[in-house]
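Please examine the sequence and the three-dimensional structure shown below. A short briefing accompanies them.

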Amino acid sequence: MDLEAIQGVGAKTADRLRQLDDAERALEDGDVAALARAPGITEGTAARIARNAIRERHGDTEDFLRTDRARELYREALALVQERAVTDYAKKRVETFYPSASATRIAEVQTFVADARDHDPTPEVREALGDIEPLVAPRDLRVRDRCVATGDAERFARAESAFPEVSVELVEDSRDIAELARGYSTVVVLDERFAGLDIDGDVRVLPDAFDRVDEVVPERLLRFFADNRSRLDAAATVHERAGLDAPCDLDAMRDGLDRLTDDGTVKGDADLHRLRDAVDDLDVAVSTAESVANDRLREAIQSQDVTIEGADLLSLVEQGARVDSLLETELADEFDAAIDAARDHLSDALAVPDYDDLVEQAFVEDPTFPVEHQEEAVNRLRRELQAARDRRAAKLKAALAADLADLRDPAGTLVRAALDLDVELAVARYAADFDCTVPEFVERDGDGIGAGILMQGGRSPLLDVDFEAVDPVDYGVEGVALLSGVNSGGKTSTIDLVGLVVVLAQMGLPVPAERVELQRFDALHYQAKSQGTLDAGAFEATLREFGDLVDGPGARLVLVDELESITEPGASARIIAGILESLHEQRATAVFVSHLAGEIRDATGFDVQVDGIEAVGLVDGELQVNRSPVKGRLARSTPELIVEKLADDAGDGDGFYRRLLAKFAD
Ligand SMILES: Nc1ncnc2c1ncn2[C@@H]1O[C@H](COP(=O)(O)OP(=O)(O)OP(=O)(O)O)[C@@H](O)[C@H]1O
């Protein structure tokens, strides 16, 4: 895959991505979490790269979102789904959905959504998702009881990168290997030429070691499972609770995990435990055994009446014998018993009957008092026990690694499937929470005019009121329209909703409406209301933006909120009228919210559609509004409604209020 063909991926980023094992798969699947594992790639960059890779696949080159407000609407659309995801992975993954002008991309996401909506986001599944994260690769693993040896420099370099956990040694001859075998429990030799050597210790000649990594370093696989235990367990639970088909036998996986300790060693083996305890307890057991012997002897000596013939004593003293010799002759039986007691104690304490011969040698039948252990014999015992412990541990690790090896790939699939389910559930919940429907894309050929957008029962999830309290809005626009309406009637909310629905629809997502038909737009330009009159420079910049906008072809949707506020009302109306004419000629779809709709219409050189959000009356000083704009109707303003109310209240006649009201009719 040519990574640099993806927009925004230069040589440096491509190099970073290549350091991943599965960059291609991650790009293919939009797996943002995996991409973000590449060094120096943040999650934000990873999401952008994943999006651009999808764009590339669908020939989707132009950016759909052309203004700040359009991009903001997209972020709000994303948040509606992200807020419903449990895992960080899913929140990031959702960012690979983007508003697209490509029919194939929209259809791709729509298919994904259709499957997603088959899932039931139960609280139990969501709870299990809470413990899932992408799998981690074990770090900083060191295996010190083993080394890999080779006499070949090239193989040496290859081994260093293939087996970073163990020490790799360059050897010249079998003497070097024998030397290594004295320092390491196991030596793995990579060169065929050393096969058949008779060297003391655990020396294995494995020329195909590179293909048997799990055998040479089973710790890598075991640590992978130990480090990811909670993630795997949670992923298994998600599969069970959500009724998903698992890629492996979940009981076998759990069984394997149960046999592992947190640091990746094998638990539950009695022999290994015994050997481990024996090594750990050896010094204490030896010194207690000494005490046992000495206590016995002390007691025996204390309770003994030693009668010694004067001649014997004299001859002993003359020979320069110490009291030991005296004890030897007089207390030989007690000595034997004390040494036996020490040996028995040591044997019982260590509980490794196979090593009783060595245990026995820790104490010799030498009648000295106090009794002392044989340092050399104890050290030999220690070495033998350590070697046996390591051999047993290695054997168990190899056996468990062999059992788990087949589960390594399914484990990745299992967790990814659970994480992907989170994305699907987030989409399903979003769709359910906002009563969404799948929008219908319509193509209208022939007259060159796009079908625009038609929405029935649209309810904005972005309003500052509870979703239940949102009034449904029917609205449609084909070509160019002005949207008039009373203050706070919902004009901005209406174009926000139109923009949001188009963004969601072109992301491939369902939309919060009863029914939506729309054409596939190339781009969304949304000019938000500016705060106050612009200075000359800002005004010029805004006009330039519109200059660019009306230049060139494209099925664009243009939403503009109260552009009149950029300059004086008289000038604004003329400028807006000119912009509308250009957009009309371009066959663009546009809605301009304005309080000057009447003036703009009068200044426009074609019969521009004017729609109105009308107040249906004033109740207790509160405007009652019909939130659905009425087509072809210039809405009356709030001041007009108030004047009308005052005139009505004043009754018949040519009073002051009637005169004011008459001004609105002019
Ligand atoms: N469909 C709706 N359902 C319920 N409440 C709504 C709806 N549309 C708008 N509102 C309420 O009306 C308020 C004002 O809406 P909005 O700002 O869109 O009006 P506006 O016509 O653009 O106002 P202005 O003329 O001041 O620019 C919103 O903050 C919201 O509380």
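This is a predicted model: local features need pLDDT of at least 70, side-chain atom pairs count only at pLDDT 80 or more; totals for chains, interfaces and linings use all residues.

Residues are numbered from 1 along each chain as its sequence is written. The protein has 27 helices and 14 strands; helices (H or I, at least four residues) and strands (E, at least two) are DSSP runs, numbered from the N terminus.

**Overall form**

- The protein is more spread out than a compact globule, because its radius of gyration is 42 Å, well over the 26 Å that the globule rule gives for 666 residues. The radius is taken over C-alpha atoms, and the rule is 2.2 Å times the number of residues to the power 0.38.
- Along the principal axes, the C-alpha atoms fill a box of roughly 160 × 60 × 50 Å.
- Of the 666 residues, 40% are buried. A residue is buried if 20 or more other C-beta atoms lie within 10 Å of its own, exposed if 12 or fewer, and partly exposed in between, with C-beta atoms placed from the backbone.

**A pair of packed helices**

- Helix 15 (residues 270–302) and helix 18 (residues 332–350) pack at an angle of about 155 degrees, and their axes are 8 Å apart. Axes are lines fitted to C-alpha atoms, for helices over the stretch in contact, and angles run from 0 to 180 degrees between N-to-C directions.
- That angle makes helix 15 roughly antiparallel to helix 18, a term for angles over 145 degrees.
- The contact of helix 15 with helix 18 comprises 17 nonpolar, 2 polar and 4 charged residues. Ala, Val, Leu, Ile, Met, Phe, Trp, Tyr, Cys and Pro count as nonpolar, Asp, Glu, Lys and Arg as charged, and the others, Gly among them, as polar.

**Around the ligand**

- The ligand is surrounded by 15 residues, and the closest are Asp471, Gly490, Lys491, Thr492 and Ser493. A residue is near a molecule if its C-beta atom, placed from the backbone, lies within 6 Å of it.
- Helix 22 (residues 491–507) supplies the largest share of this shell, 3 residues.
- The shell divides into 4 nonpolar, 7 polar and 4 charged residues.

**Two loop residues with positive phi**

- Most residues other than glycine have a negative phi.
- Asp140 has a positive phi of about 55 degrees, and it lies in the loop between helix 8 (123–129) and strand 1 (146–150). Asp140 counts as exposed because it has 7 C-beta neighbours inside 10 Å.
- Asp435 has a positive phi of about 45 degrees, and it lies in the loop between helix 21 (408–433) and strand 5 (440–441). With 15 C-beta neighbours inside 10 Å, Asp435 counts as partly exposed.

Methods. Angles under 35 degrees count as roughly parallel, over 145 as roughly antiparallel, 65 to 115 as roughly perpendicular and the rest as oblique.
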